[in-house]
Amino acid sequence: MNDAIAPSRYQLAEIGALLAEPARAAMLLALIDGTARPAGELARAAGVGAATGSAHLKRLLEGGLLAVQEQGRHRYYRLADDDVAALIETLAAPRARPVLPDPTGGDRPLRMARTCYRHLAGRLGVGLCDALLQQGYLLAASEGLRLQDDGAQALVRAGLDAARVQALLPLAGRSCLDWTERRLHLGGPLGVSLTDALLEAGWLRRRAGSRALQPSDDGLRRLIALGVPWESHR
């Protein structure tokens, strides 16, 4: 998926065929949080038996959508790269249900903040990306979105570790279409590393058993200081 050459119509059709099978789609969605999972767990997520699940995983591997990590006798499957994650989220966006107020709070945590592959998505992710762009802290360059020096300084003033922020400057980011908000959040290596920094600083916390992220009270205050609007996250 990270080949710089544009895909041919046959390659595009092959990707479409891989995604058209609901069991394979379920496996890919189970890995959208950036985790690596064993074949048995992915087969259960897809609602198929072990043999059928193995056949689907083989096709996804051969099609370049998955990668596999081997640890001893165990094999763990993950999305091949950030490009695959972006593809899945983008394809989901046109058919996603409209984002409307949910009085029961059903999927509110996921819509507020979640991981898309390994970067911040949802209302909080979109709000942070908007704030960085509007203030000129994040600019588009030929190789992607880049954090500017004054943006790094702003992150440090807001409370992120200076050395951690300095490591963000060489990284390129990419705009990723958010499937619930229908707007862009920050993906790519820069988006992943910035999200890691927010988690390490305690601004965000992971929710057990979910890719939803919970912003801490202190984290929200610091994000507001960066220009992220709070009202949009209620």
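Predicted model: local features only at pLDDT ≥ 70, side-chain atom pairs only at ≥ 80, totals over all residues.

Residues are numbered from 1 along each chain as its sequence is written, and side-chain values use heavy atoms, with hydrogens and water left out.

Next I looked up which residues make the contact (heavy atoms within 4.5 Å). I found Ala23, Ala26, Met27 and Ala30 on H2, and Leu42, Ala43, Ala45 and Ala46 on H3. By class, I got 8 nonpolar residues there, no polar and no charged ones (Ala, Val, Leu, Ile, Met, Phe, Trp, Tyr, Cys and Pro count as nonpolar, Asp, Glu, Lys and Arg as charged, and the others, Gly among them, as polar).

Then I checked the core (buried Ala, Val, Leu, Ile, Met, Phe, Trp, Tyr and Cys joined through side-chain atoms within 4.5 Å; buried is under 20% relative accessible area, exposed over 50%, partly exposed in between, with a 1.4 Å probe and protein chains only). The largest nonpolar core has 33 residues, and Leu128, Leu155, Leu160, Leu194 and Leu226 have the most contacts inside it. I also saw a second, separate core of 19 residues, which includes Ala23, Leu65, Tyr77 and Leu79.

I zoomed in on Leu194: leaving out residues up to four places away in sequence, Leu194 touches Leu128, Leu132, Leu155, Leu160, Leu168 and Leu186.

Last, I looked at the whole chain: 43% of its 234 residues count as buried.

Notes: Helix = DSSP H or I, 4+ residues; strand = E, 2+ residues; numbered from the N terminus.
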